[in-house]
Amino acid sequence: MKKSCALLISLVLLAPMSWAIPAEGHKIMVAGPSPYAVDVAKKVSQMGGNAVDVAVAVAFTLSVTSPYYAALGGGGFALVKAKDSVEALDFRETAPAAYTKDSFAGLEKNASTDTGHAVGVPGIPAGLFALHKKHGKLPWARVLEGPIALAEKGFQVSGEWVRRTESEKSRLTSKKLFFTKEGKSYLPGDILKQPELARTLKKIRSQKEAGFYKGEVARDIVASVQKAGGKMSLEDLKNYKVRWLQPLEADYAGYRLYLMPPPSSGGLVIKTALNLIEKINLTQVPALSVDELHLLAEIQARAYRGRALLGDPDFHKNPLENLLSESYLSELSRSIRKEKVTTLAALPENFGADTKKEHTETTHFSVIDADGSAVAMTVTLNGNYGSGVIAEKSGVALNNEMDDFTTRPNEPNMFGLIQGLGNVVEGGKRPLSSMSPTLVTKDSKVVMALGAPGGPRIISAVLQVLYRVLGRGTDVDSAIQAPRVHHQFQPNTLFVDKDKLPPETLQALRVRGHMIEESTLAKVYAVRVNKAGILEGAFDLRGEGAAGGF
Ligand code: DON
């Protein structure tokens with residue numbers, strides 16, 4: 001099913017909702033949440049840009065078209081195969097220096113979600129600059145052309161843009177940027193121009209990172225955060241650094257997977273779960289049967305169990321070796337019963353003789369090219385429009401990533417996660433994440449790049465798509481749209497895709513002991529080289545999306 005890219009893009013632009021057909025392309029393929037991103041990707045590719053140039057341009061484009069989860073005031077991770085090796089780039093937000101593990105104890109409960117205290121030092125501009133500097137081919141200024149034009153000349157807001165913006169109206173500290181002069185909501189299809197953001201992007205174009213982390217934009221961010229009660233300083237912005245990390249590797253079904261290591265928990269949980277899937281021979285169980293869904297839930301509960309022991313590797317010794325040891329994984333596998341739920345106790349905080357080192361709403365897109373380069377990038381502000389704090393003069397919405405720390409031990413965060421002491425707040429530290437950009441290789445060539453937004457549900461979504469595509473041979477689009485289950489260990493609840501499974505299946509899962517809650521699960525964006533060697537891309541019908549190849 002070959003499609004011309006131009007046709008596909010115009011269809012997607014006209015379509016009232018997402019299309020989830022795999023789009024087959026030639027040299028380069030991208031799947032992400034906005035058709036504008038695909039359009040900019042095409043232009044960058046036509047200028048002679050490589051997969052990294054495309055990824056950087058797409059990320060900047062999303063900061064314009066999708067500020068609720070991709071504004072420059074957020075952070076993220078990327079898995080990158082540009083030359084011979086696969087690298088992980090960590091441009092996650094960082095706690096400002098003034099914060100300590102006790103900072104949130106005496107504050108209002110919503111301090112880590114809705115105030116200036118919620119805002120971590122943003123990482124997106126630094127991350128995109130570092131990625132381009134290391135692996136980009138086109139000049140920096142050219143990569144920013146498309147996003148700047150969209151901010152300056154405007155773009156048509158989508159239905160999802162309107163819904164996500166309208167729902168935060170009372171919370172945003174500035175209405176000016178995202179509502180009409182009369183304070184009204186825009187309607188789908190209305191043109192939104194963002195002159196403030198265009199100016200910020202131009203500063204980044206001419207001054208690189210310094211255009212954001214120093215000078216006027218930095219002063220605006222700090223003033224906006226402080227006005228909303230937070231303690232971020234100019235020094236915090238000036239000190240922001242990205243990290244290049246060694247990915248976590250896993251072998252599954254004859255493929256080599258490259259997964260995000262801490263400060264993401266995604267890699268560990270996915271690696272654990274895939275190991276258990278192989279140990280219990282899950283592919284022998286009929287797809288989407290009650291048995292399969294039950295076993296997937298039991299596997300996930302066990303895999304997420306180790307998450308609570310993780311934290312930023314610069315501040316905390318992560319017991320990865322113990323959590324991935326053959327003896328621990330075999331013990332987990334032996335504890336799974338086909339006929340009923342068996343609930344394990346939480347791991348003790350000192351599991352694996354864990355010792356502290358002495359001080360020494362999200363989106364994803366995937367890009368792959370015919371030469372085997374690929375980028376899987378997930379960016380986030382955490383909640384929808386993050387903290388709701390807006391740096392108005394710069395046109396930048398700011399994250400609420402501080403809520404991803406263990407701000408109050410034993411209390412669930414906004415995703416219901418009860419997190420461990422390795423993830424307490426410390427100045428300069430990065431909060432534990434679930435973001436799971438992932439690359440899959442076969443014979444050293446990338447054959448798939450994927451990831452998702454959705455908090456902890458990211459991990460189970462990426463896991464189930466990997467399992468269905470690689471383990472069961474399902475095509476990538478069907479694997480993305482297939483019903484999913486999500487179990488994050490705590491709460492002891494099985495979240496199932498809303499309206500996707502028959503009532504009899506849910507009842508049969510209840511009989512096995514699952515506490516069921518129907519819910520919206522994460523959205524996956526994937527590109528891959530299919531068995532015929534053709535690039536294809538697919539996105540999730542659970543939200544907005546587009547895919548195109550050129
Ligand atoms: O890093 C994390 O795990 C979260 N901050 C991600 C939040 C998210 O995916 C929200 N998206 N819907």
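Which protein side chain has an N or O atom 2.3 Å from an oxygen atom of the ligand?

A: That's Thr362: an N or O atom in the side chain of Thr362 is 2.3 Å from a ligand oxygen, a polar contact being a pair of N or O atoms within 3.5 Å. Before going on, note that this is a predicted model, where local features need pLDDT of at least 70 and side-chain atom pairs count only at pLDDT 80 or more, while totals for chains, interfaces and linings use all residues. Residues are numbered from 1 along each chain as its sequence is written, and side-chain values use heavy atoms, with hydrogens and water left out.

From the backbone, a polar atom of Gly454 lies 2.9 Å from a ligand oxygen. On its own the ligand has 350 Å² of accessible area, and the protein covers 97% of that (Shrake-Rupley method, 1.4 Å probe).

Now step back to the whole shell. There are 15 residues around the ligand, and those that come nearest are Thr362, Asn382, Glu401, Asp404 and Ser433; to be counted as near, a residue needs a heavy atom within 4 Å. By type, the shell splits into four nonpolar, seven polar and four charged residues (Asp, Glu, Lys and Arg count as charged; Ala, Val, Leu, Ile, Met, Phe, Trp, Tyr, Cys and Pro as nonpolar; the others, Gly among them, as polar).

Key
A polar contact is a pair of N or O atoms within 3.5 Å; within protein, one must be able to donate a hydrogen and the other to accept it, and residues adjacent in sequence count only if both atoms are side-chain atoms.
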